[in-house]
Amino acid sequence: MLTELISGAVEDAAARRATRPLAAVEAAAREAAPPLDALEALAPADRVKIIAEVKRASPSRGDLAQIADPAALAVSYQTGGASAISVLTEQRRFKGSLDDLEAVRAAVELPVLRKDFIADPYQVFEARAAGADLVLLIVAALDQPTLLELHGLVRELGMTALVEAHSAEEIDRALDAGAGLVGVNARDLTNFELDRDLFGRLADRIPAGVTRVAESAVLRPADVAHYRDAGADVVLVGEALVTSDPVRTLEEFLHV
């Protein structure tokens, strides 16, 4: 599944590149307004913080919500107390787009994450040109030289990389790349199986000074509490917010 998702995302980026060359996207990225400081916004605090996700669909769950107005949803997230907004831009299986990202960026004052299957520098420049402050890099999808290259480019452009891992070895690779924001995804992207306790088993491998993000398997306040008690500084939440009243749900999640 991960191979399919990466391949599709790279093919789609190549199609966009055919009409908007790298030089044009890079120029737009470097001329964009400076990104927000996501590491500061997500820094460990007395309570858990939440990255709230604009997510229409997923390979594991199918369609989740229509989300005709992603900007309005993002404003609701900001009102409910989210610390950052994640926007799915993958179009084939998640039904997202860079237009969603641009709309959200224009509507909120929080850091915005481009969540996609990034494997090419062109996609990083696209993210910055569209207003992203953060970019997702999935360790399992990248060899170490590519991870280092993309992480370096994210930092050069002033953004923050959320470097996602699913094993101890992948956490070590994320740290070797210099990640200051490390996510542990409970969902194995190779087969989409969930392991809710994976974060707790791996959290101690993430040293002090690096912000810990727990991803996936969050449907109820108890799930947020589970991650908080296991050492999460930040929890990324998608499905539970797009299928409910987002403001009320965020308030419940933030007061566990």
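Leaving aside neighbours within four places in sequence, Y77 is in contact (heavy atoms within 4.5 Å) with A52, E53, V54, A82, I85, L241, V242, P246 and L250. The model is predicted, and local features were considered at pLDDT of at least 70, side-chain atom pairs at pLDDT 80 or more, whereas totals for chains, interfaces and linings use all residues. Residues are numbered from 1 along each chain as its sequence is written, and side-chain values use heavy atoms, with hydrogens and water left out.

Together with I85 and V235, Y77 touches the most other members of the largest nonpolar core, which holds 67 residues. A nonpolar core is a set of buried Ala, Val, Leu, Ile, Met, Phe, Trp, Tyr and Cys residues joined through side-chain atoms within 4.5 Å. Buried denotes under 20% relative accessible area, exposed over 50%, and partly exposed the range in between, for a 1.4 Å probe and protein chains only. Another core, of 22 residues, lies apart from the largest one and has L88, F117, L162 and V213 among its members. Nonpolar side chains tend to be buried together in soluble globular proteins.

Y77 is one of the buried residues of helix α4 (residues 70-80), along with P70, A71, L73, A74 and G80. Helices (H or I, at least four residues) and strands (E, at least two) are DSSP runs, numbered from the N terminus. The cover over the buried residues of α4 includes β1 (49-54), β4 (84-88), α5 (98-107), α11 (239-242) and α12 (246-254). Helix α4 lies across β1 and β4 and runs at about 165° to β1; axes are lines fitted to C-alpha atoms, for helices over the stretch in contact, and angles run from 0 to 180 degrees between N-to-C directions. Just after α4, G81 adopts a positive phi of about 110°.

Both β1 and β4 belong to a barrel closed by eight strands with parallel pairing, in the order β1-β4-β5-β6-β7-β8-β9-β10. Neighbouring strands of this sheet are turned against each other by 25° on average, direction ignored. Strands count as paired if DSSP finds at least two bridges between them. Between β1 and β10 (residues 234-237) there are four bridges in the parallel sense, and K49 has V234 in β10 as its bridge partner.

In total, 19 salt bridges were found, each defined by a side-chain nitrogen of Lys or Arg within 4 Å of a carboxyl oxygen of Asp or Glu. In the pair R92 and E11, the closest N and O atoms are 3.0 Å apart. R92 is partly exposed at 43% relative accessible area, and E11 is partly exposed at 46%. For D100 and R56, the closest N and O atoms of the salt bridge are 2.4 Å apart. This pair links distant parts of the chain, with D100 in helix α5 and R56 in the loop between β1 and β2 (57-58), 44 residues apart. D100 and R56 are both buried. A network of salt bridges links R16, R114, D116 and E126.

I206 is located in the loop between α9 (198-202) and β9 (211-215). With a relative accessible area of 1%, I206 is buried. Neighbours within four places in sequence aside, I206 is in contact with I171, V182, V184 and R212.
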